[in-house]
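Okay, thanks for coming, everyone. Let me put the model up on the screen and then we'll walk through it.

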Amino acid sequence: MTNSTPLAEVAPPAGPRKRLFLRSWGCQMNVYDTGRMADVLAPLGYAPVDAPEGADMIILNTCHIREKATDKLFSELGRLRLLKEEKEAKGGGMVLAVAGCVAQAEGAEIVARAPYVDIVLGPQSYHRLPEMVARAGRAAGAVVETEFPVEEKFDHLPDAAAPQGVTAFLTIQEGCDKFCSFCVVPYTRGAEYSRPAAAVLAEARRMVAQGTRELSLLGQNVNAYHGEGPDGAEWGLARLLYALAEIPGIERLRYTTSHPRDMDDALIAAHRDIPAVMPFLHLPVQSGSDRVLEAMNRGHTAEDYLRLVDRLREARPDLALSTDIIAGHPGEKEEDHEATLALIRRVGFASAFSFKYSARPGTPAAGAPYRVDEAAKDRRLQEIQALLIEQQAAFNASLTGRTVPALFTGPGRRPGQLSGRTPWLQPVHAAGDLSLVGRVAPVRILAGQPYSLHGELLHALQQEKNAA
Ligand code: SAH
Ligand code: SF4
Ligand code: F3S
């Protein structure tokens, strides 16, 4: 053998790398699921790429929460069909898969409208993807899986996973039994299920070992978490947070989305007692009117919500809140809308999402009388959003001149700049060295703008002073 032996003859040939394009809409849980789909496909040689052109497989992970989702999906599929045909004309192939909540709701209907789709899989079936890909290769028609065995899905998470980054999501609970009048989630994600604490802790340890410093625990009703503890007892979310905070390397913990009804004393105390639990809570209220809250089946009044906010702020005085609001739920009158504005003023939110009510087929509100007309919905939404953005701008501006701990997540948009986030989830930019990525450092805020903060690193200032 000579030195000129080609490498390929010495090393075993690496399998052909297949290009996987993933696109995700909707909530953070879809983002998490998209990552897991990439993980289960990695052993088959699939590696994520940034663009759909030339991909060997495309997965669209869809959301069904508001209308037009289905229309958007089909127009996207129409575009992808051309790419698929182009590839096939050159003798190649492309597996086209539709996943997520539209897949769950529409099932085989998707294939009826778009016969070039190869795989339709509901949110509980992603662990079956490798087998489905194999079946799609053999079968003439599409492969459709929309079963509901949530436990099974989590049991089949692969041990090896791509690093998730400095901040990452971890699903601990899925599904919902609350059946709010307007919402499709109980139908697309099924009954509530909590993962065992040991599985969550193991996954968290693995993520931290790969560089994650901030974990956001996910669930449609995350604070209804009631998983089996390693001791066999049932653990609530508070207990899980205490255990996660013990993992060396975890700097920050968050959880979303919470239901006001499930904020128990232990969880409020966890905000007071666990420094890693960030002083920021997304707590959807949906409406400030008791009449509408009742029609929505939310199970609490506006006053209950305000009392809860007071108790949380007592436990953690620097707590900032965000929320979700729906404008124009069936039966919402002008005085109900005023009550919503009044509640927003009383609380003072640091950020929020607000939506125009969108009728979802099969949900109780979709068939309710007294629809709010579109013009009124639009105006109410505008008024709500104007108030919320004013509050967000005021909150961000209030940080100007203050020093806040920033967790740096990566390079900023400008050269020499770092991007990070504050305890209150605002993006923050400051000049600094990339070696700070993954670390928390104090930043003095120079400008608190409505959508981000700009600041300067304090320890860099200190170094400059020392050098002078
Ligand atoms: N589990 C969370 C919310 C999940 S859906 C909770 O209980 O609050 C995310 C948000 O979408 C909801 O909070 C609600 O504000 C909004 N949303 C859900 N269904 C909607 C609909 N039919 N029309 C408009 N907004 C809706
Ligand atoms: Fe939907 Fe209500 Fe369940 Fe939230 S609590 S996911 S809004 S049904
Ligand atoms: Fe959308 Fe399904 Fe999440 S409907 S918001 S992707 S649970």
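Predicted model: local features only at pLDDT ≥ 70, side-chain atom pairs only at ≥ 80, totals over all residues.

Residues are numbered from 1 along each chain as its sequence is written, chains are lettered from A and ligands numbered from 1 in the order in which they are written, and side-chain values use heavy atoms, with hydrogens and water left out.

Back to that interface. On the domain 2 side, 18 residues contact 20 residues of domain 3, contact being heavy atoms within 4.5 Å. Together the two domains bury about 1,500 Å², 59% of it on carbon and sulfur atoms; that's the accessible area, with a 1.4 Å probe, that two parts lose on being put together, summed over both. Of what domain 2 buries against domain 3, Val166, Arg252 and Asn396 supply 38%, more than any other three residues.

What about charges and polar atoms? Between domain 2 and domain 3 we count 1 salt bridge, meaning a side-chain nitrogen of Lys or Arg within 4 Å of a carboxyl oxygen of Asp or Glu. There are also 12 residue pairs in polar contact there, both residues at pLDDT 80 or more. For that one, the rule is a pair of N or O atoms within 3.5 Å; within protein, one must be able to donate a hydrogen and the other to accept it, and residues adjacent in sequence count only if both atoms are side-chain atoms.

Helices here (H or I, at least four residues) and strands (E, at least two) are DSSP runs, numbered from the N terminus.

Next, salt bridges over the whole structure: the search finds 33. One of them joins arginine 421 and glutamate 214, at 2.5 Å from N to O. Another pairs arginine 135 with glutamate 131, closest N and O atoms 3.0 Å apart. Those two are 4 residues apart in helix α6 (residues 129–138), so about one helical turn separates them.

The peptide bond from threonine 256 to threonine 257 is cis, with omega near 5 degrees, and threonine 257 is in the loop between β13 and α11 (265–273). Then there's lysine 68, which has a positive phi of about 75 degrees although it's not a glycine. You'll find lysine 68 in the loop between β3 (57–62) and α3 (69–89).
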